[in-house]
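Me: I would like to learn how to read a few features of a structure. Could you take me through them one by one?

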Amino acid sequence: MKLKRFLAGALAVAMIGSLGSGMTATQSQAAKKYVKSLSVKKSVTVQAGKSVTVTANVKAVKKASTKVKATIDKKKVASVKVKGKKLTITGKKAGKAVVTVKTAAKNKKGKAITKKIKVTVKAGTKKTTPVVNTPAPTVPPVVVPVPTAAPPVVVPVPTEVPPVIVQKLTLDKSELAISQTETAKITAKADPAGTVTWSSSDEKIASVDQNGKVTGIGVGSAVITAKIGDAVATCEVKVGAKIYEVKSIGSINADQGSIAVTFTEKADAAVLAGTTIKVVNVNSKEKLTATFKELTEDGTSAVYVFEPEDAAKIQNGNYTVESSDINISEDNATTSARVDITGSSIKGLIYTRSGGMYNTVRRVPNASITINKETTYSDEDGFYQKNVLDDTYPEVLVKADGYFDETQEQVKVTSNKASAYNFEMEVYDVEKVYLYGTVTKAGDAKTTVEGADVVLYRMEDGKKVEVVRVSTDDKGKFVFANADADFSKFGDQDTSAVRFSRYDGLNSKDKYVIEIHKDLNAGNLFDVYEPYESKEFELGSKRGVDVGTSLNAVEALKEMTIQL
């Protein structure tokens, strides 16, 4: 199929307008059960001999199972039991271990989602320090002697000092693990009862009110202290990073070098400070990193900004999004970018037609457009644009998965203008594929070689297996074509062409080798050439693959003497 160039002006406008109204979306596959995401705490701390419970949050589609499985690498340090979505981790002895949590159901890609929990087990410590004051001993009265004329004066002294009450204080937990903005209650028990005062060793990590309510502030560890009288009890609090769940991700703003993320809840800027997201170009696989800048006024969306060197690399096309700081499900892990280009450029639309009664037009996203060995990609609407040098005539090559390659040669580029070239892509059909070539004399491209043997081999386990052979025609041409290949361009050919039957010809999954030779024999004494063998090649996504070559002529016989 020849490439089509759409006219500028009114015709181009009318064409694109019809595209917008006639386009239909490709029907998605039938929905199926699968899990979208799995989230658990990244780390827990438990005392030897005690247990802690962790909840595994599984998001599922179509009532897929939300159950999980769990294993632990160091069974002497701790054990883990699973009941539904609850994991009970029991400390055995001081040390560290890792619990691996895996969904029972699989995601869209057919794989279970896996998360890891770091477990720290600490040896048991005393929780209380009772303070006891020993009662003073009984003191007898003191007699002060006075002159004999006066009676003795007796100074009364208490016979016993009242004992100090023994104060006991215990807490319901010695260790606590929470995340930023999360709260938890520590309960104190005093004997006898009294007013307990609370304090934190680091208010930037965790705060506590006078009811024992602890709030996670920053990532790290702090010690919460309870006190009554001289009795003291402590609890170590570890605060992990708060991980917000993403509701949606906006398009990449190439002009501002930023991307917006919307969360399922109101976010805290202090928690998001320093967090990053990575976007990966689905075609070039190049990764770009954006860092949190600010929250929107309502606090539910955040703006992430790319460093200047990464912002300069943003291209038209689609991206996947990933982050270890915020929770991005598979359904929200994609975005796109459109870059506005000024100056001399080539731009256009990549599209295809569905055929049938209405011949519906569909746009082709993520197609690669290569100009002067530089590649860009069509955006989600099928449009592309690329800056090029003024007054040049480059070749434009378009590739897209599932379509034949399309090429436009000698594209005219006008100074400070955008030259419009649209490409209609044809759905790839291996039955339309062909191999062809012309055999010429080395050093003299105008002299073709007639009657050369051309042998097609298929490679199987590293060995050549002959498929078919033909002889070049009087113009040095040969053709190997599948059932539906367009033969019109080759004219009437007999011995120089082979058309394979359907499902029994050239295969896009195989590799091939071509051999060409014209040997010395009784019928050919002077038109002799050195044999040629090609390298292994594949069909790729081209309609026709040119495997022609030139042959080096040899002088077969300078002189011939016949003896009788």
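This is a predicted model: local features need pLDDT of at least 70, side-chain atom pairs count only at pLDDT 80 or more; totals for chains, interfaces and linings use all residues.

Me: Let's begin with sheets. What is the strand order in the open sheet of 4 strands?

Reply: First the terms: strands (E, at least two residues) are DSSP runs numbered from the N terminus, and two strands pair if DSSP finds at least two bridges between them. Here the order is β31-β30-β33-β34, with antiparallel pairing. The edges are β31 (374–377) and β34 (406–408); each has a single partner strand, so one side of each is left without a neighbour in the sheet. Within this sheet, β30 (residues 368–371) and β33 (residues 396–399) pair over 4 bridges, and Thr370 has Leu397 as its bridge partner in β33.

Me: Which strands pair with β26?

Reply: Strand β23 (residues 276–281) pairs with β26 (residues 317–322) in the antiparallel sense over 4 bridges, and there Asn281 stands opposite Tyr319. Strand β27 (residues 334–337) also runs antiparallel to β26, joined by 4 bridges, with Ser336 as the bridge partner of Asn318.

Me: Now burial. Is Thr103 buried or exposed?

Reply: The scale is relative accessible area: buried means under 20%, exposed over 50%, and partly exposed in between (1.4 Å probe, protein chains only). Thr103, in strand β8 (residues 95–103), counts as buried at 2%.

Me: What does the side chain of Thr103 meet there?

Reply: Look for polar contacts, which are pairs of N or O atoms within 3.5 Å; within protein, one must be able to donate a hydrogen and the other to accept it, and residues adjacent in sequence count only if both atoms are side-chain atoms. A polar atom of the Thr103 side chain lies 2.8 Å from the backbone oxygen of Ala105, and one lies 3.0 Å from the backbone nitrogen of Ile113. For contact in general, the test is heavy atoms within 4.5 Å. Leaving aside neighbours within four places in sequence, Thr103 is in contact with residues including Val35, Leu38 and Val58.

Me: And how many salt bridges does the structure hold?

Reply: Side chains of opposite charge can pair when their charged atoms come close. The cut-off is a side-chain nitrogen of Lys or Arg within 4 Å of a carboxyl oxygen of Asp or Glu, and the structure holds 18 such salt bridges. One of them joins Glu236 and Lys122, with the closest N and O atoms 2.6 Å apart. Glu236 lies in strand β20 (residues 231–240) and Lys122 in strand β9 (residues 114–122), 114 residues apart. Another joins Lys386 and Glu374 (2.8 Å, N to O); Lys386 lies in strand β32 (residues 383–387) and Glu374 in strand β31, so the pair ties together parts that are 12 residues apart in sequence. Lys386 counts as buried at 15%, while Glu374 is partly exposed at 46%.

Methods
Residues are numbered from 1 along each chain as its sequence is written. Side-chain values use heavy atoms; hydrogens and water are left out.
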